[in-house]
Amino acid sequence: AALRAAGVGRCGGGSVANAGMLRNVLIIATTSGLPLFSKEFLNAVAQPRLIGSLLTAMMEWAVRTTGMPVTYIELSNVAVTIVKDETAGICCALFHDRSDG
């Protein structure tokens, strides 16, 4: 079960194969952009404090300009999935391989 949570699954014959990878999990305060919790896995994204502030600014800008929040960002080799809880004032950002999108 721990291997599956890290993005590693079993293939036929019992060998272990890389089935995508979770890189970082960030819990961010939406008012300040500061990370409240950060967990790094393999191939982690650097500088979670700066990333938290950037994601917060992008989410605020998207809501102001389009009326809709950012929920998914895809770059060349990494993607970010974002879920926001308005009542708690936090958001969770999962950084993962783009192929897992």
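At 36% relative accessibility, K84 counts as partly exposed, a class that lies between buried (under 20% relative accessible area) and exposed (over 50%), as computed with a 1.4 Å probe on protein chains only. K84 forms a salt bridge with E86, with the closest N and O atoms 3.5 Å apart; the term denotes a side-chain nitrogen of Lys or Arg within 4 Å of a carboxyl oxygen of Asp or Glu.

**Basis of the model**

This is a predicted model, in which local features need pLDDT of at least 70 and side-chain atom pairs count only at pLDDT 80 or more, while totals for chains, interfaces and linings use all residues. Residues are numbered from 1 along each chain as its sequence is written, and side-chain values use heavy atoms, with hydrogens and water left out.

The pLDDT is the predictor's confidence in each residue, on a scale from 0 to 100. Its mean over the protein is 79, and 79% of the residues reach 70 or more. Over residues 1-17 the pLDDT is below 50, yet in the model this stretch has 21 contacts beyond near neighbours in sequence. A contact means heavy atoms within 4.5 Å.

**Overall architecture**

The secondary structure comes to two helices and seven strands, arranged along the sequence in the pattern α-β-β-β-β-α-β-β-β. These elements are DSSP runs numbered from the N terminus: helices are H or I with at least four residues, and strands are E with at least two. Of the 101 residues in the protein, 31% are buried. Among contacts with a separation of 6 or more, 35% join residues 24 or more positions apart.

**Helix α2**

Helix α2 comprises the 19 residues 48-66, which at 1.5 Å a residue should span 27 Å; its end C-alpha atoms are 26 Å apart, which agrees. The expected span is 1.5 Å times one less than the number of residues. The buried residues of α2 are P48, G52, L55, T56, M59 and A62. Seen down the helix axis, they fall within an arc of 130 degrees, so they line one face of α2; the arc is taken over the directions from the helix axis to the C-beta atoms. An α-helix has 3.6 residues a turn, so residues three or four places apart point the same way.

The face of α2 turned away from the buried side carries the exposed residues R49, L50, W61 and R64. The cover over the buried residues includes β3 (22-29), β4 (35-40), β5 (72-74), β6 (78-85) and β7 (90-97). After α2 comes G67, whose phi is positive, near 80 degrees.

**Nonpolar core**

A nonpolar core is a set of buried Ala, Val, Leu, Ile, Met, Phe, Trp, Tyr and Cys residues joined through side-chain atoms within 4.5 Å. The largest such core has 14 residues, and those with the most contacts inside it are L55, V80, I82, A93 and F95. At least two residues of this core come from each of β3, α2, β6 and β7. With its neighbours within four places in sequence left aside, F95 is in contact with L22, R23, N24, L26, V45, I51, L55, V78, A79 and V80.

**Salt bridges**

| Pair | N to O distance |
|---|---|
| R23 and D97 | 2.9 Å |
| K84 and E86 | 3.5 Å |
| R98 and E74 | 3.7 Å |

The bridge between R23 and D97 links distant parts of the chain, with R23 in strand β3 and D97 in strand β7, 74 residues apart. Both of these residues are buried. R98 lies in the segment after β7 and E74 in strand β5, so this pair ties together parts that are 24 residues apart in sequence. R98 counts as partly exposed at 40% relative accessibility, and E74 counts as partly exposed at 45%.

**Further positions**

D85 lies in strand β6 and is partly exposed, with a relative accessible area of 37%. The C-alpha atoms of D85 and T30 are separated by 9.0 Å, although the two residues are 55 apart along the chain. N43 is placed in the loop between β4 and α2 and counts as partly exposed at 48% relative accessibility. N43 and N24 are 19 residues apart in sequence and 8.5 Å apart in space, C-alpha to C-alpha.
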